[in-house]
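The sequence and structure come first, and the description follows.

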Amino acid sequence: MNSDSKSQIFPHNSRTAFRQVADTMPFTIIEMDLDYTLVYANNYALDTLGMNIELIEYGVHLKEIIASEQFMAAKEGLDLLVEGSPSNPIVLRLKRRDGVEITTETFAELIVDNDVPVGVVSYSIDMTRRIAVEEKVQHQEGAFRTLVEQSNFTGVFVVNDQYRLEYVNDKSCDIIGRTRSELLGVDFREYLHPESIALVSEHYWKRRAGQDVPSVYDFKIIHKDGHPRDVIISSTTMKVDDGVVKTVTQMIDITEERANQQALKESEQKHRTLVDAIDSGFIIDDENGFVLSANQPICDILGYDNPDELIGSNIISWTYGWDESDVTEKINARRAGKSEHYELQLIHKSGKLIPVLIHVSPWHSPAGEYIGSFALINDVSALKQTEAEVRFLLDLLLHDLSNQLQLILAGVDLLETDLPTDQFARARAYIMDGANRCLELITNIRRAEDSKFAPLVSTNVIQVLTSQIHLFGGQYGYHPEITSLPTEVIISADGALGHLFWNLMENSIKHNPTDKKDIWISGEVTGDSFLLSISDNGPGLSPSMKDNLFDPTRRSSGVGLHLVRRLALKYGASLTVGDRVQDSPENGLEIIIKFPILR
C-alpha cells in the first residue's frame, strides 16, 4: 500500500514531530499498530472519516474504515510490508462512519523501534479532490518533496544559472547511475554524451533568455557504467525570490524503448528484404480483403509499376470470376485457421487474364484474433502454355503418326501379294509418302522446340523471304507471285524465320485442290511495322475456322502452323487470318503477319 520502491522506515522516537507536521497536511494520515488498530489519525483524517480522538482511543480497527471487500487484500499487503517486501500504491475505498465511501490512492510505510517494526503509517489522497489537493501541495515544500522523491518513473532535477545541479530525485540518480553526493553541485554537461552537449547547451541558454525552444526533446547521457542512455526531457524555467532563473527538468529513460523500436525496425527490414527477395508475388490483406502490403513481383504479374498502386485495393477488383460471396467464403476459411492452395485467374492491368497458383494462410494477432491473411502468388502462364503445347503435340503425334503408319502398313500389305508393276509402284509410293510425312512431322516438331532457345538478332526480313520463295519454287514447282516488297526491312528474329514463311507457303499449296495453284506475296512498311501478306486461290475457310487456325489446342492446325504461331509470338509479330477477296472466302485465304521494325 505504498510506493513501488522500498518503503521508507520512520523511527518510533520521531512520531511526535511527525504528527505535528501531519496535522497540517491536506490528506488522510493514519497510524496503526501491528494488529492494524488505529492509534493516530491526523485532523484531515478525523474530518474525512467522521471520527474524533475519543473514538480512536476507544479502539477502531482497519476493517471498520475501508470497504469490506477490500479488507483482506489490504491486510495481505500490510503483512507483506511488515515482512520486508516492497509494496505499491493501491486504490482504496475509505468508509466514513455514516457509510459513505471515499475513493483514495493509498500508500503505507513501516514504523520501527530499534530496527523492529512496531506499526504502520498510511497516506490516503482523496482522488475526487485531487486537483484541489495538488494546488495546496504546491505550497507545501515538504509534501512536494515527498511526492517528487517517491517518483519511480520520472527523474526530476533543478539546474542553476551556472549549469550546476542543485537538486536531483532518486529516479534521476538511477537513470544517471550516480548518487546524490556525486551529482549535486556538478556541471550537468559532464554527464552528457559528446554528440548531445551542443544541442542541450543551446536549448538551455535560449530557454533562460526567454527564446522559443522545444520544451520536450531527447538526447543521450553517459551512465556511470560508461554506456550511453537515451532520455527524453521536459524543461521549464522558474524565477526564485532572489531573481535567479533556474531550470526545472523532468527526465524519462527511453533506452529500452529505443532499443525495442530499433529491433522492430530491423525486424521489419528483414521482413521487407525477405519479401522483396522472393520471386513469388506476396500480399498481405486485412480481415475485409483490402491489401495492406505487396511486393514488386505481384506488381509485375498484374502489370503495375509499384506496390503503392495495389495497397488499399480489394483483392476482388483484380480476381477474375469472384464475387462478394466467394471472398466471404475464403475469409471465413481463413478465420477458421485454414490454409489453402488453389489455381486462379487474376486480371492484368491491361485486362488480360493471368493464370496463377496461390498459397494463402491466415494471419492472427498475438491474442489469436484474425486480422487478415498473407499469400504467395506464382504466375503459371508459361506452365499453362507448355501444358497446352504438350497436349497439342502429343495429340498430333498420336493422330497424324498413326494415320501415316496405317498408310505405310497398307503399302506393305500390297507388297506381300503378286502385283502388276504399276500397282507395285503405287504400294511403294504409299510407304515412301507415309515415311516422308512422318519425318516431316518430326522435323517440324523439332524445329518448334529448337526455336524456343535461339537468340534474336537483327535480320533483314526481305532477304530471308526472297530466299525462301526461290527455294520453295524449286522444290514444289510453284513460284509465288511477288506484287510488291521493299528492298530492306530490319526486324528482330532468329535463324528459324525462314521456316515461318516456308510453312505458310506450303500450307497454301497442300490445302489447295485446284490444278492451278497460285500464291501472292506483298509487303509494306506502315509506321513502325512491316505488314506481310501471303494469299492463295484455295477454297478458303469459314469464319470459325479462320478464328481458330492458329489455336494451339486444335489438332486441325497441324505442326506447321503451330511452328508459325510460336515463331510469330517470339518475334513479337501478330497473325491475322482473312479472305483474299473480302466477304468471298471461296476465292482463297489471306494471312497477314505484322512485324515490329527495329529501324
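A contact is counted when heavy atoms lie within 4.5 Å. On that basis, residues 24 or more positions apart account for 55% of the contacts in the protein with a separation of 6 or more.

The model is predicted, so local features need pLDDT of at least 70 and side-chain atom pairs count only at pLDDT 80 or more, while totals for chains, interfaces and linings use all residues. Residues are numbered from 1 along each chain as its sequence is written, and side-chain values use heavy atoms, with hydrogens and water left out.

**Overall composition**

The protein has 18 helices and 23 strands. Helices (H or I, at least four residues) and strands (E, at least two) are DSSP runs, numbered from the N terminus. Of its 599 residues, 42% count as buried. Buried means under 20% relative accessible area, exposed means over 50%, and partly exposed lies in between, with a 1.4 Å probe and protein chains only. The accessible surface comes to about 32,700 Å², and 53% of it belongs to carbon and sulfur atoms. Accessible areas come from the Shrake-Rupley method with a 1.4 Å probe, and for residues only the protein chains shown count as cover.

**The largest nonpolar core**

In soluble globular proteins, nonpolar side chains tend to be buried together. A nonpolar core is here a set of buried Ala, Val, Leu, Ile, Met, Phe, Trp, Tyr and Cys residues joined through side-chain atoms within 4.5 Å. The largest such core has 37 residues, and Phe-501, Leu-504, Leu-532 and Phe-595 touch the most other members. Two or more residues each are given to this core by helix 15 (461-476), strand 19 (490-493), helix 16 (497-510), strand 20 (519-526), strand 21 (529-536), helix 18 (558-570) and strand 23 (589-596). Helix 16 supplies the largest share, seven residues. Leaving aside neighbours within four places in sequence, Leu-504 is in contact with Ile-534, Phe-550, Leu-561, Val-564, Ile-591 and Ile-593.

Strand 7 (residues 155-159) is largely enclosed by the rest of the structure, because five of its five residues are buried. In a regular strand the side chains alternate between the two faces of the sheet. Both faces of strand 7 are covered, with Gly-155, Phe-157 and Val-159 buried on one side and Val-156 and Val-158 buried on the other.

Two strands pair if DSSP finds at least two bridges between them. Strand 7 pairs with strand 11 (residues 245-253) in the antiparallel sense over five bridges. Strand 7 also runs antiparallel to strand 8 (residues 165-168), joined to it by three bridges. Val-159 takes part in both pairings: its bridge partner in strand 11 is Thr-247, and in strand 8 Val-159 stands opposite Leu-165. The hairpin of strand 7 and strand 8 has five residues between the strands, and Tyr-163 takes a positive phi near 70° there.

**Salt bridges**

A salt bridge is a side-chain nitrogen of Lys or Arg within 4 Å of a carboxyl oxygen of Asp or Glu. The whole structure holds 24 salt bridges. The table gives three of them.

| Arg-189 | Asp-187 | 2.7 Å |

Arg-189 is partly exposed at 27% relative accessibility, whereas Asp-187 counts as buried at 13%. Lys-206 and Glu-202 both lie in helix 9 (residues 197-208), four residues apart, which is about one turn of the helix. Lys-206 is partly exposed at 28%, and Glu-202 is partly exposed at 39%.

Asp-253 has a relative accessible area of 26% and Arg-229 one of 24%. Salt bridges that share partners also join Asp-218, Lys-220, Asp-230 and Arg-258 into one network.

**A nonpolar surface patch**

Patches are made of residues with over 30% relative accessible area and no salt bridge, with like charges joined within 9 Å and nonpolar side chains (Val, Leu, Ile, Met, Phe, Trp, Tyr) within 5 Å. Leu-292, Trp-363 and Phe-374 form a nonpolar patch with about 260 Å² of accessible area together. Trp-363 lies in strand 15 (residues 353-364) and is partly exposed, with a relative accessible area of 32%.
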